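I opened the file today and kept notes as I went. The entries below follow the order in which I looked things up.

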Amino acid sequence: MSVLVDEDTRVVVQGITGGEGKFHAEQMIEYGTNVVAGAVPGKGGQEVAGVPVYDTVEQAAKAEDANASVVFVPPAFAGDALFEALDAPLDLVVAITEGIPTQDMARVKRKQDETDVHLVGPNCPGVITPDVAKLGILPGNIFSSGDVGLVSRSGTLTYQVVDSLTQRGIGQTTAIGIGGDPIIGTSFVDALELFEADQDTKAVVMCGEIGGEDEEQAARYIGEYMDTPVAGFIAGRTAPPGKRMGHAGAIVSGSGTGTAESKINALENNGVPVGDTPEEVADNVEDLL
Amino acid sequence: MRLHEYQAKQVFADAGIPTPAAQLADTVDDAVAAAEEIGYPVAIKAQVHVGGRGKAGGIKLAENEAEAEEYAEDILGMDLKGYEVKRVLVEEAVDFVNELYVGVTMDRGEGEPVAMVSTKGGVDIEAVAEEDPEAIAREHVDPAFGMHPYQARKAVYDAGVDRELARDVSSILQTLYQIWDDKDGSDAEINPLMITSDDEVIAADAVLNTDDDALFRHPDLVEMEEEGEFEGSELEEKADEYGFDYVRLDGNVGIIGNGAGLVMTTLDLVDHFGGEPANFLDVGGGAKAQRIANALDMVFSDENVDSVVFNIFGGITRGDEVAKGINQALEQFDEIPKPVVVRLAGTNAAEGMEILNEDLVTVEETLEDAVQRSVAYAQEGSQ
């Protein structure tokens with residue numbers, strides 16, 4: 001079992017004719033993902049990475065019975081591509097693109113709220129169910145299948161934590177990179193709900209970072225509704241206020257909201273052990289299992 | 001990007017928001033000439049991106065020519081919290097009886113814009129938000145429809161603005177929202193929005209910050225950005241040229257990594273193991289050798305740095321490219337300026353380890369070991 005992605009996931013790659021889109025379509029196929037089509041306006045009829053390309057997402061979804069898409073479309077056109085995916089309709093849309101204007105994402109998010117589509121990202125590494133399928137750019141070889149769910153705002157930090165888990169023989173049900181932007185389709189709470197409902201996920205690792213209040217909301221959700229144990233990590237303890245640490249969303253505001261301290265306290269107060277280092281997180285997961 | 005006050009005021013004025021008469025000056029003579037033309041009293045305001053300019057001596061009120069000259073001399077060229085003042089705005093001093101606050105920003109928690117109005121203008125609005133949140137009326141806007149006129153009125157009435165002024169203030173709020181929307185704003189603010197004794201409403205300050213990711217569709221904003229010189233330290237300017245996400249900190253352990261979350265974690269680990277981070281530097285995803293070499297050049301340029309830790313977990317970044325870049329950067333030195341500790345994991349890490357010239361760097365297998373080693377080097381180096 002897993003969340004979001006399984007054997008039945010059939011993927012359209014939006015932007016498959018671009019360098020990134022083509023490379024990662026090939027990588028996804030090599031990993032075993034059912035990539036069934038590409039969608040690029042004006043490029044219908046071509047074949048890329050061994051799959052047919054259609055002019056629209058709807059055509060691709062109908063012709064190839066697809067139910068998910070991965071978006072590699074450049075930022076200026078990505079908002080439009082996400083509307084197209086949400087209208088197709090599909091069950092899951094994973095937006096890899098970094099640098100989508102925030103106001104575009106506010107409108108996309110507004111649209112998503114009217115649908116039942118799961119939107120993950122943007123500015124995220126994607127979703128992987130180890131040994132089954134990956135939608136995105138995550139390096140498949142560090143993951144192994146098992147019973148720990150993982151949700152994270154950051155790509156490479158996910159890899160670091162997963163590597164620690166895998167090396168101890170702790171495999172994963174599904175790992176979800178939710179992305180580092182201020183407005184994202186899947187919040188921590190959304191991801192935790194999915195893991196809580198999954199019978200095979202025995203514990204969850206949640207990697208947050210400074211900025212916003214998503215981690216605090218997640219902490220309250222865990223305290224009130226979750227039976228599955230959660231181990232936490234928060235990046236950015238040493239970040240000074242007012243300085244953006246890479247991710248558009250990773251900033252401690254001048255008035256002191258979004259600090260690591262506030263997030264760590266919220267998690268600990270709701271029974272979530274927060275590791276000081278990625279290795280400590282892996283220790284905590286071992287204890288929880 | 002952040003517009004200067006004079007630029008934001010121009011945008012606001014073009015959209016129909018009343019602003020005081022003003023001229024930009026970069027010499028004392030020009031400032032005095034502007035003051036004479038506008039008529040005394042005038043405010044002389046430093047045009048730098050620094051909060052609390054008034055308290056720091058960057059805004060002064062001149063009653064006559066002698067004062068205008070004195071204050072322009074004081075302010076032009078002064079160091080305001082680390083920024084040199086190169087231009088002042090000479091502006092008609094508005095005789096006000098009341099000060100309001102109006103603003104529009106993105107509420108990231110809700111994923112929606114929010115318009116705000118308060119009768120407690122003229123002071124730090126973040127302090128008001130903290131101490132007296134009820135004093136700020138908030139109205140969320142559905143991004144699919146934009147702000148309805150009733151919402152602007154509602155925010156103004158809810159804030160308790162005098163009813164005689166409600167029409168003017170809500171019209172200004174509506175315009176401010178439109179500017180925020182049109183320019184891909186992140187924050188648009190008027191603080192204070194001044195009320196004169198004959199009930200005129202005037203924007204005495206103007207803030208407009210816009211989304212860097214949306215600059216591609218705003219050539220007018222790009223032009224304004226180029227008009228101002230780069231503000232910041234030499235290191236920040238260098239980072240800007242190289243296109244790095246870089247933040248300088250106070251410590252002596254230089255940090256380079258890929259991915260914001262992992263770089264932040266590396267900073268935190270340096271702190272955890274008793275060291276002090278000198279910087280945050282994210283090379284981003286898929287960095288090639290030249291970019292890696294630039295990152296090392298960047299960190300070596302910081303005189304505070306006593307050691308460097310390179311932490312790469314390759315996803316789309318390849319270990320062999322990283323190794324090439326490190327070799328390329330270090331082989332040009334007869335003597336390595338500061339010890340460099342490297343930890344490579346993920347995509348093509350093994351290939352990278354074969355390429356890496358281990359005479360020039362210290363290699364560690366794990367993140368923890370690499371951080372501890374760099375902290376130890378930094379402590380030796382600073383003695």
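**Helices over the sheet in chain B**

I started with helix H1 (residues 5–14) of chain B, which lies across E1, E2 and E6 of chain B and runs at about 145 degrees to E1(B). I kept in mind that this is a predicted model. Next I checked helix H2 (residues 28–38) of chain B. Helix H2 lies across E1, E2, E3 and E6 of chain B, at about 15 degrees to E6(B).

**The sheet itself**

I then asked in what order the strands of this open sheet run. I read E1-E6-E2-E3 (chain B), four strands with antiparallel pairing. Strand E1 (22–25) and strand E3 (59–62) of chain B stand at the edges. Each has a single partner strand, so one side of each is left without a neighbour in the sheet. I noted a twist that averages 20 degrees from one strand to the next.

I looked at one pairing by itself. Strand E2 (residues 42–46) and strand E6 (residues 88–92) of chain B pair in the antiparallel sense over five bridges. Within this pairing I found B:Ala43 opposite B:Glu91 in E6(B).

**Nonpolar cores**

I asked which residues touch the most other members of the largest nonpolar core. They are A:Val71, A:Val93 and B:Leu281, in a core of 152 residues. Helix H9 (residues 260–272) of chain B gives the largest share of this core, seven residues. Another core, of 40 residues, lies apart from it, and I listed B:Val104, B:Ile125, B:Ala152 and B:Ile195 among its members.

Leaving out residues up to four places away in sequence, its contacts include B:Phe244, B:Tyr246, B:Val263 and B:Met298.

**A glycine in chain A**

I moved to A:Gly15, in the loop between strand E1 (10–14) and helix H1 (19–31) of chain A. Is A:Gly15 buried or exposed? I counted 26 other C-beta atoms within 10 Å; the cut-off for buried is 20 or more, so A:Gly15 is buried. Beyond four places in sequence, A:Gly15 touches A:Gly21, A:Val40, A:Val71, A:Phe72 and A:Val73. A:Val71 is also one of the core residues I had noted above.

**Where the chains meet**

Last, I checked the contacts between chains. I found 49 residues of chain A in contact with 45 residues of chain B. On the chain A side, the elements giving two or more residues include helix H3 (75–87), helix H5 (155–167) and strand E12 (203–209).

Key: Residues are numbered from 1 along each chain as its sequence is written. Chains are lettered from A and ligands numbered from 1 in the order in which they are written. This is a predicted model: local features need pLDDT of at least 70, side-chain atom pairs count only at pLDDT 80 or more; totals for chains, interfaces and linings use all residues. A residue is buried if 20 or more other C-beta atoms lie within 10 Å of its own, exposed if 12 or fewer, and partly exposed in between; C-beta atoms are placed from the backbone. Two residues are in contact if their C-beta atoms, placed from the backbone, lie within 7 Å. A nonpolar core is a set of buried Ala, Val, Leu, Ile, Met, Phe, Trp, Tyr and Cys residues joined through C-beta atoms within 7 Å. Two strands pair if DSSP finds at least two bridges between them. Axes are lines fitted to C-alpha atoms, for helices over the stretch in contact, and angles run from 0 to 180 degrees between N-to-C directions.
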